[in-house]
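Dear colleague,

I am handing over to you the structure shown below, together with an account of what was found in it. Please read the notes alongside the sequence and the model.

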Amino acid sequence: MALEGTIKDFGLPDIFQLIGLQRKTGILTLKNEGENVTVTFENGMVVSADSDAKRLEDRLGNVLVKQAKLSKEKLEEALQTQKATLQRLGHVLTTNNYITNKDLKDALQVQVSQIVFKVFRWRDGEYHFAPTDEVEYDRDYMSPMSADFILMEGIRMVDEWPIIEKKIPSMDIVFRPVVDAAHIEVAAEEGAGEPKRAPASGKVRLTPAEEHIFRRVDGTRTVQAIIDATGVTEFEVCRTLFDLLNRNLISTVGRGAARETELGSVTSERSDVPAYALAAAITLIALLGIFVRRDAPFAVVGRPPLLSASYSRLMSSVTQTRLERLDRAVLAFQVMRGTLPATLDELAGLSLVAPAYLKDPAARPFHYAHTEDGYLLSAVDDAGRPLAATVVERTIPHDTP
């Protein structure tokens with residue numbers, strides 16, 4: 001199967017879904033103006049990914065150093081050994097006991113995920129899939145990821161990222177904690193059916209994952225530094241920081257060290273300008289920017305609009321993918337129960353689909369209705385009318401159990 005074209009014409013969700021469904025083995029190459037990314041598949045599973053912007057092994061070593069799991073000196077020694085033996089960096093690091101096997105597996109999984117999920121944010125580019133009989137990857141330390149998992153996470157990220165990017169438009173943003181760490185309570189794992197316990201008086205409850213990221217917010221680290229220090233994907237870190245911002249647990253300081261120095265020097269040179277006058281001017285400029293961008297709600301003032309025609313096409317692809325999942329879930333429900341579900345909510349109740357799949361990316365519930373011999377399923381417009389191009393009309397044979 002020769003598969004190539006542009007992302008404008010054939011969205012990334014469709015590409016991953018097609019490779020996954022057909023259980024293909026080969027290498028998917030994705031190119032845009034600034035980066036080339038390769039994603040390796042084996043039997044429809046993602047087993048490796050790399051980027052020419054920063055090689056996976058370089059990224060892996062740097063992240064392990066930033067996580068304090070590996071010293072710079074040990075990394076240099078490992079790189080020299082790798083250069084002499086041509087072995088994989090991970091193999092060198094583990095066989096010399098510089099890091100544990102688990103450290104390598106966790107870091108490798110995160111770094112491959114980072115590369116793969118990043119391309120879901122591309123609005124343009126080219127793709128080419130070259131099928132092969134077999135592929136090479138680090139089988140000892142890389143756990144294959146299903147195309148379905150990649151697809152669902154990628155779609156979730158595409159759904160949420162424009163909202164997050166309104167408050168975190170750059171990885172060099174710096175945040176500071178607003179709440180003292182002593183007032184944070186980490187939520188304990190609660191068993192199924194157990195009532196949720198209220199936090200202690202005066203305490204703010206965070207999940208272990210949230211607390212892990214909150215502890216890295218110190219008024220000096222950039223978002224990218226927090227990503228590197230936590231070993232969590234870029235999307236998960238940014239989504240958590242977005243939530244912490246909305247809960248008023250952290251606030252924005254500014255941008256990275258270089259930007260802060262620049263701002264500091266400008267402030268000292270303009271010390272004769274009253275602070276309240278400067279604040280008023282900034283507020284006026286911000287309000288003017290919001291007015292100018294009123295027709296583009298996801299735009300960030302001073303940056304190109306985030307929502308483009310290619311993004312709209314990707315959203316259409318997301319809608320179609322969710323409809324296909326719902327269609328399969330309805331059929332599965334009919335086989336399990338011998339009858340069609342009364343509403344789509346019953347599918348989520350049986351965990352046949354995630355609740356998010358009951359709505360399109362614009363949060364509009366999908367239309368579902370019984371017919372004389374089956375059912376209809378479709379997306380709807382803002383007025384609730386079914387969109388003809390998305391209608392699935394399914395006939396259920398009477399002799400089906």
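In which sense do strand 1 (residues 3-6) and strand 5 pair, and over how many bridges? The pairing of these two strands is antiparallel and runs over four bridges. Please bear in mind throughout that this is a predicted model.

**Strand 5 and its partners**

Within the pairing of strand 1 with strand 5, Gly 5 stands opposite Tyr 127 of strand 5. Strand 5 is also joined to strand 2 (residues 26-31), by six bridges, and these two strands run antiparallel. Here Ile 27 has Ala 130 in strand 5 as its bridge partner.

**Helix 1**

Helix 1 covers residues 12-21, and its buried residues are Leu 12, Pro 13, Ile 15, Phe 16, Gln 17 and Ile 19. Just after this helix, Arg 23 takes a positive phi of about 50°. Phe 16, one of the buried residues of helix 1, returns in the next section.

**Aromatic pairs**

How many aromatic pairs does the count come to? The count is six. In one of these pairs, the ring centres of Phe 41 and Phe 129 lie 6.2 Å apart and the ring planes stand at 80°; planes over 60 degrees apart count as edge-to-face, so this pair is edge-to-face. Phe 41 belongs to strand 3 (residues 36-42) and Phe 129 to strand 5 (residues 126-131), so that the pair links distant parts of the chain, 88 residues apart. Are these two residues buried or exposed? Phe 41 has a relative accessibility of 0% and therefore counts as buried. Phe 129 likewise counts as buried, because its relative accessibility is 0%. Phe 41 and Phe 129 also belong to one aromatic cluster, which they form with Phe 16 and Phe 120. The cluster thus includes Phe 16, a residue of helix 1, and Phe 129, a residue of strand 5.

Trp 161 and Phe 235 make another pair: their ring centres are 5.8 Å apart and their planes are at 40°, so the pair is tilted. Trp 161 lies in helix 6 and Phe 235 in helix 9, so the pair ties together parts that are 74 residues apart in sequence. Both Trp 161 and Phe 235 are buried.

**The cavity**

The structure holds one cavity of 30 Å³ or more. The volume of the largest cavity is about 80 Å³. Which residues line the largest cavity? The lining is made up of Ser 113, Gln 114, Phe 117, Lys 118, Arg 121, Met 157, Trp 161, Thr 233, Glu 234 and Phe 235. Trp 161 and Phe 235, the two members of the tilted pair, are thus both found in this lining. Helix 5 (101-119), helix 6 (147-167) and helix 9 (234-246) are the elements that give two or more residues to the lining. Helix 5 gives the most, with four residues.

Three strands form an open sheet in the order 11-12-13, with antiparallel pairing. Its edge strands are strand 11 (367-370) and strand 13 (392-395), each of which pairs on one side only. From one strand to the next, the twist averages 15°. Strand 11 is joined to strand 12 (residues 374-378) by four bridges. Among the residues involved, His 370 has Tyr 375 in strand 12 as its bridge partner.

**Two loop residues with positive phi**

Leu 86 has a phi near 60°, a positive value in a residue other than glycine. Leu 86 is placed in the loop between helix 3 (72-85) and helix 4 (89-95). With a relative accessible area of 75%, Leu 86 is exposed.

Ala 363 is not a glycine either, and its phi is positive at about 70°. Ala 363 is found in the loop between helix 13 (345-349) and strand 11. Its relative accessibility is 48%, so Ala 363 counts as partly exposed.

With kind regards

How values were computed:
Residues are numbered from 1 along each chain as its sequence is written. This is a predicted model: local features need pLDDT of at least 70, side-chain atom pairs count only at pLDDT 80 or more; totals for chains, interfaces and linings use all residues. Side-chain values use heavy atoms; hydrogens and water are left out. On a 1 Å grid over the protein atoms alone, a cavity is a set of points where a 1.4 Å probe fits but cannot get out, and a pocket is an open set with protein on both sides within 12 Å along at least five of seven lines; lining residues have an atom within 4 Å of a point. Grid points are joined across faces, edges and corners, and a volume is the space filled by probe spheres set on the points. Two strands pair if DSSP finds at least two bridges between them. Axes are lines fitted to C-alpha atoms, for helices over the stretch in contact, and angles run from 0 to 180 degrees between N-to-C directions. Rings of Phe, Tyr and Trp (its six-membered ring) pair if their centres lie within 6.5 Å; planes under 30 degrees apart count as stacked, over 60 as edge-to-face and the rest as tilted. Buried means under 20% relative accessible area, exposed over 50%, partly exposed in between (1.4 Å probe, protein chains only).
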